[in-house]
Amino acid sequence: SVADLAELVTQHRDVQPPLKLTLLLAGTRLRYRRFLYNYQLKAGASVVVQAVIDNPRSMSVVVSYAPAPAPDDDDDDDGNNEEYDWSGPRIAALMARSAAVFSAKLRVGQLQKRLDQLQDENKQLKLANPNAVLGEEEEQEAAKIFLANLSEMLALRAKGSFDQETSDKLYLSLVQLSEARFLEVYQAFIAIYTEGASDETLESLGITEVIPATVGLAESMCNRMGELLEMGRSARIQTLQREIQKRKENQAELQAKQEKLKQAVEQAAELKAARLQIFNAWLPVWKALSVGDGDATEARRFGRREELKVLVSSNSELKLLSAYQWQNMAASGLRDPELLALQHVLTLPNTPKQAQAFLDVLMQKTGVQPPDAQKMQALCVLPPWAADIVPNLPPSAFAAATPTPPPPPAASS
């Protein structure tokens, strides 16, 4: 701002002209911009402050003194070219005053811009109001907006493109036209579609050349306007507003469904990977238990549970199980790693259909939410006695052994 430049100059007013500064910027979107301020002094002399942003990271500032021109080149110097003490208090006061004036003008400009914006918003609200009575000025504004939107849509059609928001703007501005203007536009599009449009008709729509894209749009407009022709302006606006609102609601609903489906697919993939990781971590242990190795208590438990035998069975062995055997399988008493690993086995290709009921029970037990990282780590930790079965794993893969409690002290006699 001018105030910033004035402060810079006054801070360096002990430097003889020209004063050159380089400012480091935090970053700006401006590729190049030049500011020039000329402060008039006595007898036509002036101080020139020039600031140039030549890249997003720096700005150069040059302050120079311009002496008053001599009245005649042939005359000797009469003192008018005597250098002015631009570094004095007068220059600082001059620049500060200029900064204040500039700031005031800027503020007025901002207020005027906001006022214009509010007036435009009021016009738009009135045009969109089905019950509003348009005056001559509002009718002209509605026609102007329609022609601008029509031009935008024609440009898109010429490129072979389509944009729903642009189309909605066009039709909204169309139904906001007065009754007379709506009928004129309808007749103009009919003339274009039937290749009978005169130069005057094309000019009324701001069309300079009729190309296939123009005829195609005219056909669409004729069809849509034909549906709205019997309605009054109020009904047309309300009908189109409802259509656009309904389309937006349907689109939002569709996007929500797609997002939900995407999350479900990602969740299913994550759960599938977690099941496989748990299955691979525990498979050596379950194979050992199935042949009686490892912890004796765990081996007996494994041998009694038909559900656990599924973990080490091949697909052909699973197909030999009867529907009655599948029906008798239950999830009660199974641990979390076993529940998730069974889901992995029963979701592999070519799994018998009779297993679906048991799989549903397992899914109800664990839910569809994949375990987080901390829980996954706990699910893959093997019991301490499994260290002899899987010797190549690091100690962190096994749970710490529970210390044996000391025997109770002997009773004193």
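At roughly what angle do the axes of helix α4 (residues 164-175) and α7 cross? In this predicted model, the answer is roughly 45°, and the two axes come within 12 Å. If you look at how they pass, α4 goes by α7 in a right-handed crossing.

Now zoom in on the residues that touch. From α4 come L170, Y171, L174 and V175, and they meet L217, S220, M221, R224, M225 and L228 in α7. Sort the residues of this contact by class and you get eight nonpolar, one polar and one charged.

Next, keep your eye on α7 and bring in another partner. Helix α3 (residues 136-158) also packs with helix α7 (residues 212-228): their axes come within 9 Å and cross at roughly 125°. α3 and α7 are therefore oblique to each other, and here too the crossing is right-handed.

Who does the touching this time? On the α3 side, look for F146, L150, M153, L154, R157 and A158; on the α7 side, find A213, T214, G216, L217, S220 and M221. By class, this contact of α3 with α7 has eight nonpolar, three polar and one charged residues.

How values were computed
Residues are numbered from 1 along each chain as its sequence is written. This is a predicted model: local features need pLDDT of at least 70, side-chain atom pairs count only at pLDDT 80 or more; totals for chains, interfaces and linings use all residues. Side-chain values use heavy atoms; hydrogens and water are left out. Axes are lines fitted to C-alpha atoms, for helices over the stretch in contact, and angles run from 0 to 180 degrees between N-to-C directions. Helices (H or I, at least four residues) and strands (E, at least two) are DSSP runs, numbered from the N terminus. Angles under 35 degrees count as roughly parallel, over 145 as roughly antiparallel, 65 to 115 as roughly perpendicular and the rest as oblique. A crossing is left-handed if the near helix is turned anticlockwise from the far one by less than a right angle, and right-handed if clockwise. Contact means heavy atoms within 4.5 Å. Ala, Val, Leu, Ile, Met, Phe, Trp, Tyr, Cys and Pro count as nonpolar, Asp, Glu, Lys and Arg as charged, and the others, Gly among them, as polar.
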